[in-house]
Amino acid sequence: MYHPAMRERAVSVMSLEALAEQVKRDLELLDCGGPGWVPVREHGGDRVYDVVIVGGGQCGLGIAFGLLRERITNILVIDENPEGLEGPWVNYARMVTLRTPKQLTSIDLGVPSLTFRAWLEAQAGPKVWERLDKIPRGDWMAYLRWYRRVLNLPVVNETKLTLIEPLGGGLHRLHVEGTGAPAKTLTARKVVLATGIQGGGEWHVPAMIADALPRRLYAHSSEPIDFAALRGKRIGILGGGASAFDNAQHALSEGAAEAHVIVRREKLPRVNPIRQMERSGMIGRHSALPDADKYAVMAHFFRNNQPPTNDTFSRAAAYAGFRLHLGAPCREVRPEDGGVVIMTPKGRLHVDFLIVCTGLVSDPSLRPELRLVEPHILRWGDVYQAPEEIADPFLDAHPYMTPGFAFRSRDEAGRERLRGIFAFNYGALISNGITASALSGMKYGIPRIVSAIADELFLDERETILNRYYAYDEPEFTGLDDG
């Protein structure tokens, strides 16, 4: 769905066609394209991809574009979702607009005609951009579909990675399934897990909820929820972060009678640390910090997480059924009278359904596709002992990664098995900041991972490339006769 302001005039297909031509022209001016430079390899007669990117959302698409600009062309992007439904935007994201300031750039990688602004203005004109506060969620998804199409990125959908199997010699066999899978296995030199928020671990439901309630009475905010079935119902929402208010306003807009946001804090956070990071250089330079600073920065980040945006809170609060319970940590839940009783220090609350907005846990041991290599992955808890006042097992479980988003090994045996596996997801938070987890960080993170992959491929083929260099004898100067 487009922003309402875009409906003021009919969308001109020719305007997007003209923008597509401008993209083509801009890429020609930047000398993008040309033949790939990585020597071709085979394994047992099968094709070997230089890079397989797992995830066709915004990160995966941006990395694919970055690799193609580096003339690394033998690549493939796989995504488990149907085409056009990749990422959170049409699945579990329930905000009306993105939280990011509209002017920040991301996966355009410095090409002006590839920006969201160019896409919007091509259809609706510059005045619509000027009036826009934040980017509508549906428009962002439409932009991503256009981005994939205009760049002709090699994506196959309905293909799910189930296992990474190291083969030795710098190769990995990827076991995949799904109706779109081109084969049961794919062979790749490099694997990029561009798997988004949950890709570094899993969404977290506290045991006190999972052990006490039947599944029909609750859902994590990341899951599909039948809001139509909740019309006229009382909804409990656990959590005080931005997603809690996204779900509150969405439930109320879908006809819920009441939405109770239950927050353990006495006051809602008011300061968004990301805004300071965006203008201070911290996002792009986080990986240059010493370990003590990296850990302390992210400990502070999680203690002072994003508040709801003003517009989201206002939308939720405008409904008569909105209820906010501050200083009310959940002590117990239990099923009762077909619903859920929530016990807090401020009393007993009965709701018909519970939405759990308790975030996620980042830990490679939770990822089934990593089970053959996970024991080798170095964690922050292996290399850094944080001061007692900020030490946190949640942070310690994150992988201790290179600035290029590659896993490091705990032991010598794992070095070869992990070589070539990159994680551009929430697992990289402590090592590389929000460069792989926030739109405002991608313009820094994507070039860095692309450069790291290109370096590895170059060094993998060092002997072949150098031998070709030493043997090169194609004449260029023909001005004099040698005789």
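# Cavity, pocket and sheets in a predicted model

Student: How many cavities of 30 Å³ or more does the count give?

Tutor: Residues are numbered from 1 along each chain as its sequence is written, and side-chain values use heavy atoms, with hydrogens and water left out. A cavity is a set of points, on a 1 Å grid over the protein atoms alone, where a 1.4 Å probe fits but cannot get out. By this rule, the number of cavities of 30 Å³ or more is one.

Student: What is the volume of the largest cavity?

Tutor: Among the residues lining the largest cavity are Leu193, Arg367, Phe407 and Asn425 (lining means an atom within 4 Å of a point). A volume is the space filled by probe spheres set on the points, which are joined across faces, edges and corners. For the largest cavity it is about 70 Å³.

Student: How many residues of the lining of the largest cavity are charged?

Tutor: Asp, Glu, Lys and Arg count as charged, Ala, Val, Leu, Ile, Met, Phe, Trp, Tyr, Cys and Pro as nonpolar, and the others, Gly among them, as polar. The lining of the largest cavity has six nonpolar and four polar residues. The charged count is one.

Student: Which helix gives the largest share of the lining of the second largest pocket?

Tutor: A pocket is an open set of points with protein on both sides within 12 Å along at least five of seven lines. The second largest pocket holds about 420 Å³, and of its 19 lining residues the closest to its centre are Arg270, Pro307, Pro308, Thr309 and Asn310. The lining has eight nonpolar, six polar and five charged residues. The largest share, three residues, comes from helix 11 (helices are DSSP runs of H or I, at least four residues, and strands runs of E, at least two, numbered from the N terminus).

Student: Which strands stand at the edges of the five-stranded sheet?

Tutor: This open sheet has the order 9-16-10-11-12, with parallel pairing (two strands pair if DSSP finds at least two bridges between them). Each edge strand has a single partner strand, so one side of each is left without a neighbour in the sheet. The edge strands are strand 9 (218-220) and strand 12 (322-325).

Student: Which residue of strand 12 is the bridge partner of Ala259?

Tutor: Strand 11 (residues 258-262) and strand 12 pair in the parallel sense over four bridges. In strand 12, the partner of Ala259 is Phe322.

Student: Which residue of strand 14 stands opposite Pro335?

Tutor: Another open sheet, of three strands, has the order 13-14-15 and antiparallel pairing. Strand 13 and strand 14 (residues 339-344) pair over five bridges. Opposite Pro335 stands Val340.

Notes. This is a predicted model: local features need pLDDT of at least 70, side-chain atom pairs count only at pLDDT 80 or more; totals for chains, interfaces and linings use all residues.
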